Amino acid sequence: MARVLIVGGFLAVVFWVFSIVDCAAQPATRHRGVSKGAWVAIVVLIPVIGGILWFLLGRRRKGDRSDTRPYAPDDDSEFLRGINRKEQDARIRELEEELARLDDDGDHPDPRS
């Protein structure tokens with residue numbers, strides 16, 4: 001029975017240290033809920049339960065985009081990779097034609113001058 005307690009205690013300490021290092025090493029943008037300092041304090045002050053809470057609730061995964069703001073199409077690299085060169089050229093041509101039409105419409109002389 002003593003061996004089980006010693007091994008369990010050793011595993012709890014290893015998990016606790018790993019949780020502290022993981023929480024402290026993550027950039028502040030990868031923390032959910034409270035600030036990075038608060039998460040470190042939770043993990044340090046509540047050894048095993050704090051580590052479990054950190055991995056379940058506090059740590060944001062790389063693919064997690066729940067709190068990120070939406071991108072404009074020209075800021076979204078995935079969208080831009082999906083557009084092939086012909087589509088880009090056609091879109092640019094359309095926009096240039098629209099701008100030329102707008103410029104032509106605005107060239108009327110001012111009747112007051």
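User: Which residue forms a salt bridge with Arg-91, and how far apart are the closest N and O atoms?

Analyst: Side chains of opposite charge can pair when their charged atoms come close. A salt bridge here is a side-chain nitrogen of Lys or Arg within 4 Å of a carboxyl oxygen of Asp or Glu. Arg-91 pairs in this way with Glu-94, and their closest N and O atoms are 3.7 Å apart. Both residues belong to helix H5 (residues 85-105), and because they are three residues apart, about one helical turn separates them. Helices (H or I, at least four residues) and strands (E, at least two) are DSSP runs, numbered from the N terminus.

User: On what basis should these values be read?

Analyst: The model is predicted: local features need pLDDT of at least 70 and side-chain atom pairs count only at pLDDT 80 or more, whereas totals for chains, interfaces and linings use all residues. Residues are numbered from 1 along each chain as its sequence is written, and side-chain values use heavy atoms, with hydrogens and water left out.

User: Where in the protein chain is confidence lowest, and where is it highest?

Analyst: pLDDT is the predictor's confidence in each residue, on a scale from 0 to 100. Where pLDDT is low, the predicted coordinates should not be read in detail. The protein chain has a mean pLDDT of 82, and 80% of its residues reach 70 or more. Confidence is lowest in helix H4 (residues 77-82), with a mean of 72, and highest in H1, at 92.

User: How many helices and strands does the protein chain have?

Analyst: There are five helices and zero strands, which gives the pattern α-α-α-α-α along the sequence.

User: Are Arg-91 and Glu-94 buried, partly exposed or exposed?

Analyst: A residue is buried under 20% relative accessible area, exposed over 50%, and partly exposed in between (1.4 Å probe, protein chains only). Arg-91 has a relative accessible area of 48% and is therefore partly exposed; Glu-94, at 45%, is partly exposed as well. Of the 113 residues in the protein chain, 12% are buried.

User: How many salt bridges does the structure hold?

Analyst: The structure holds two salt bridges. Asp-22 is buried because its relative accessible area is 11%, whereas Arg-59, at 22%, counts as partly exposed.

User: Which residues is Asp-22 in contact with, leaving aside its neighbours within four places in sequence?

Analyst: Contact means heavy atoms within 4.5 Å. With those neighbours left aside, Asp-22 is in contact with Trp-54, Phe-55 and Arg-59. Gln-26, in the loop between H1 and H2, is in contact with His-31, Lys-36, Trp-54 and Arg-59 when its neighbours within four places are likewise set aside. Gln-26 counts as buried because its relative accessibility is 9%.

User: Which residues of helix H3 are buried?

Analyst: An α-helix has 3.6 residues a turn, so residues three or four places apart point the same way. In helix H3 (residues 47-58), the buried residues are Gly-50, Gly-51, Trp-54, Phe-55 and Gly-58. They lie on the same side of H3 because they cover an arc of only 130° around the axis, taken from the directions from the helix axis to the C-beta atoms. Their cover includes helix H1 (2-25) and helix H2 (36-45).

User: Which residues are exposed on the other side of H3?

Analyst: Ile-49, Leu-56 and Leu-57 are exposed there. Leu-56 has a relative accessible area of 61% and so is exposed; Leu-57, at 52%, also counts as exposed. Not counting residues up to four places away in sequence, Leu-57 touches Arg-32 and Trp-39. The C-alpha atoms of Leu-57 and Arg-32 are 7.0 Å apart, although 25 residues separate them along the chain.

User: Which residues form the nonpolar patch on the surface?

Analyst: Patches are made of residues with over 30% relative accessible area and no salt bridge: like charges are joined within 9 Å, nonpolar side chains (Val, Leu, Ile, Met, Phe, Trp, Tyr) within 5 Å. Here the nonpolar patch consists of Val-44, Leu-45, Ile-46, Val-48, Ile-49, Ile-52, Leu-53, Leu-56 and Leu-57, with about 810 Å² of accessible area together. H2 and H3 each supply at least two of its residues, and the largest share, six residues, comes from H3.

Key: Areas by Shrake-Rupley, 256 points an atom, 1.4 Å probe, with all protein chains shown as cover.
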